[in-house]
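Thanks for opening this one with me.

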Amino acid sequence: LTRSTFTGAVRLPGADITGQLSCSGAKIAGTDTYNNALVANEAKVGGSVFLNDGFTVDGAVRLHGADITGQLSCSGAKITGIDTDADALVADEVKVGGSVFLDDGFTAAGAVRLLGADITGTLNCGGAKITGADTNNNALVANEVKVGGSVLLNGGFTAAGAVQLHGADITGHLSCGGAKISGTDTDNNALVADEVKVGGSVFLDD
């Protein structure tokens, strides 16, 4: 679907794709009744998923429970809309065999959800800008996430709500160098990392 333009939502729930799913440079200007622009819950992709290179949507992106053998690249994506729960990207319980890239100008108008995600590589949110929060005032929800590499919330990462990493299992580093978390959750917390396990170092510096 590279560089395609759509005036309504794109639906791929439960799709079984042997190769890659490429929406690089695509523009989805319409949404469904729940304000979702791209719905690919439970999709199985044998290659990588590319929502990058100018990918722009006016509603939420849903990848709940997707199984992606390769990487998930949302580098430079712009999610300008939110669903009825004020989420912009919903990828709870997603399984990614490579790395997840929410970097290089990635912007989201609502919360980014990776609850219980299993990521073999790195979770790179370097320079990401999450300008909105969900109904609990969380900007990034990654409780119980499992990451085989490092988690990078650095390089100018900004969040308008709390960052939730409760119970996260990170093999590499947790780097928040230079991060700016300007909001708090309903308990007045900005960063929640209770019971987090980090195999490398934790950086809350710069």
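**Notes for a first look**

1. I181, L191, V202 and L204 together make a nonpolar surface patch of about 330 Å². One of these residues, L191, belongs to strand β30, which covers residues 191-192. L191 counts as partly exposed because its relative accessibility is 35%. Please keep in mind throughout that this is a predicted model.

2. Strand β30 leads us to a sheet. Eight strands make up an open sheet with parallel pairing, and their order is β2-β6-β10-β14-β18-β22-β26-β30. The edges are held by β2 (10-11) and β30; each has a single partner strand, so one side of each lacks a neighbour in the sheet. L191, from the surface patch, is therefore found in one of these edge strands.

3. Strand β14 (residues 87-90) pairs with β18 in the parallel sense over 3 bridges, and here L89 has V112 as its bridge partner in β18. Strand β18 (residues 111-113) is in turn joined to strand β22 (residues 138-141) by 2 bridges, again running parallel. V112 stands opposite L140 of β22 at this step. Strand β22 then pairs with strand β26 (residues 162-164) in the parallel sense, over 3 bridges. There, L140 has V163 of β26 as its bridge partner.

4. K95 has D118 as its bridge partner in β19.

5. How many salt bridges does the structure hold? The count is 2. Side chains of opposite charge can pair when their charged atoms come close. In one case the side chains of R62 and D83 meet, with an N to O distance of 3.4 Å. R62 sits in strand β10 (residues 60-62) and D83 in the loop between β13 (78-79) and β14, so this pair, 21 residues apart, links distant parts of the chain. Are these two residues buried or exposed? R62 is buried, and D83 is buried too.

6. The other salt bridge is formed by D92 and R113, whose closest N and O atoms are 3.0 Å apart. Because D92 lies in the loop between β14 and β15 while R113 lies in strand β18, the pair ties together parts that are 21 residues apart in sequence. D92 and R113 are both buried.

7. What about the cysteines? The structure holds 0 disulfides. For C74, the closest cysteine sulfur is that of C125, and the 9.7 Å between them is too far for a bond. A disulfide would need the two sulfur atoms to be within 2.5 Å. C74 counts as buried because its relative accessibility is 3%. C125 is buried as well, with a relative accessible area of 2%.

8. A polar contact is also worth a look. The side chains of S175 and N154 are joined by a polar contact of 3.2 Å. S175 is found in strand β28, which covers residues 174-175. At 11% relative accessibility, S175 counts as buried.

9. Finally, visit a loop. T135 is found between β21 (129-130) and β22. Is T135 buried or exposed? T135 is exposed, because its relative accessible area is 61%. T135 and T84 are 51 residues apart along the chain, and their C-alpha atoms are separated by 9.5 Å.

Technical notes
Residues numbered from 1 in each chain as written. Predicted model: local features only at pLDDT ≥ 70, side-chain atom pairs only at ≥ 80, totals over all residues. Heavy atoms only, no water. Pairing = 2+ DSSP bridges. Helix = DSSP H or I, 4+ residues; strand = E, 2+ residues; numbered from the N terminus. Buried < 20%, exposed > 50% of the residue type's maximum accessible area, 1.4 Å probe, protein only. Patch = residues over 30% accessible without salt bridge, like charges linked within 9 Å, V, L, I, M, F, W, Y side chains within 5 Å. Areas by Shrake-Rupley, 256 points an atom, 1.4 Å probe, with all protein chains shown as cover. Salt bridge = Lys/Arg side-chain N within 4 Å of Asp/Glu carboxyl O. Polar contact = N/O pair within 3.5 Å; in protein donor to acceptor, adjacent residues only side chain to side chain.
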